[in-house]
Amino acid sequence: MTEHMWSYKSTSGHLAGADLTGYKVEATDGSIGKVDKHSGEVGDAYVVVDTGVWIFGKEVLLPAGTVVRVDPEDKKVFVDRTKEQIKNAPEFHRDKHLGDAGYREDLGTYYGTGAPFGGRPA
């Protein structure tokens, strides 16, 4: 059910192997920070965004399925969620959550189809 959330959409413009580190990340209603880490692994792709002062230094993990467009010229990644939806996502702790299947499932459910935690249905 949530597996499609962990792959880049074919229309996003993401190229396999592209380094997105440092790209600015734009929600539907404004900038949320910069890509600090990302994975392009098939079925497990994501971006970790350093939100800086926006959420007071918090990092957020966004499944690749939320990415609607990658602009390599302007070094920007556009996602199809609002700042509020991203801010209210399950909390991310790099040390605990990278590789945590339970967290990945929670996040996939939040952003994926059905979106019981307030995300937008895909």
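The mean pLDDT of the protein is 85, and 89% of the residues reach 70 or more. Among the elements, strand E6 (residues 76-79) comes out with the highest mean pLDDT, 98, while helix H2 (residues 94-97) has the lowest, 82. Where pLDDT is low, the predicted coordinates are not to be read in detail.

Next comes the sheet. Six strands make up an open sheet, and reading across it the order is E4-E3-E2-E1-E6-E5, with mixed pairing. E4 and strand E5 (67-71) sit at the edges with a single partner strand each, so one side of each has no neighbour in the sheet. From one strand to the next, the twist averages 35°. Strands of a sheet pair through backbone hydrogen bonds, and they can do so in a parallel or an antiparallel way.

Both kinds of pairing turn up here. E2 and strand E3 (residues 46-50) go antiparallel, with five bridges between them, and in this part of the sheet Lys 37 stands opposite Val 48 of E3. Strand E1 (residues 24-27) runs parallel to E6 and is joined to E6 by three bridges; here Glu 26 stands opposite Phe 78 of E6. On to E5 and E6, which pair in the antiparallel sense over four bridges, with Val 70 opposite Val 77 of E6. E5 and E6 form a hairpin with four residues between the strands, and Lys 75 takes a positive phi near 55° there.

E6 is also a handy strand for seeing two faces. In a regular strand the side chains alternate between the two faces of the sheet. In E6, Val 77 and Val 79 belong to the covered face, whereas Lys 76 and Phe 78 belong to the uncovered one.

Now for a helix. Helix H3 (residues 101-111) has a run of buried residues from Leu 107 through Gly 108, Thr 109 and Tyr 110 to Tyr 111, and Tyr 103 and Arg 104 are buried too. What covers these buried residues includes strand E4 (59-63), helix H1 (83-87) and H2. The N-terminal end of H3 gets a cap from Asp 100, with a side-chain oxygen 2.9 Å from the backbone nitrogen of Gly 102.

Last up are the salt bridges, and the whole structure has six of them. One of these joins the side chains of Asp 36 and Arg 94, with N and O at 2.3 Å. This pair ties together distant parts of the chain: Asp 36 is in strand E2 (residues 30-39) and Arg 94 is in helix H2, 58 residues apart. Both partners are partly exposed, Asp 36 at 36% relative accessibility and Arg 94 at 29%.

Arg 69 bridges to Asp 71, the closest N and O atoms being 3.7 Å apart; Arg 69 is partly exposed at 39%, but Asp 71 counts as buried at 15%. Arg 81 and Asp 80 meet in a salt bridge of 2.3 Å, N to O. Arg 81 is buried at 2% relative accessibility, and Asp 80 is buried at 9%. Together with Lys 9, Asp 80 and Arg 81 are linked in a network of salt bridges.

Key
Residues numbered from 1 in each chain as written. Predicted model: local features only at pLDDT ≥ 70, side-chain atom pairs only at ≥ 80, totals over all residues. Heavy atoms only, no water. pLDDT = per-residue confidence, 0-100. Buried < 20%, exposed > 50% of the residue type's maximum accessible area, 1.4 Å probe, protein only. Contact = heavy atoms within 4.5 Å. Polar contact = N/O pair within 3.5 Å; in protein donor to acceptor, adjacent residues only side chain to side chain. Salt bridge = Lys/Arg side-chain N within 4 Å of Asp/Glu carboxyl O. Pairing = 2+ DSSP bridges. Axes fitted to C-alpha atoms, helices over the stretch in contact; angles between N-to-C directions.
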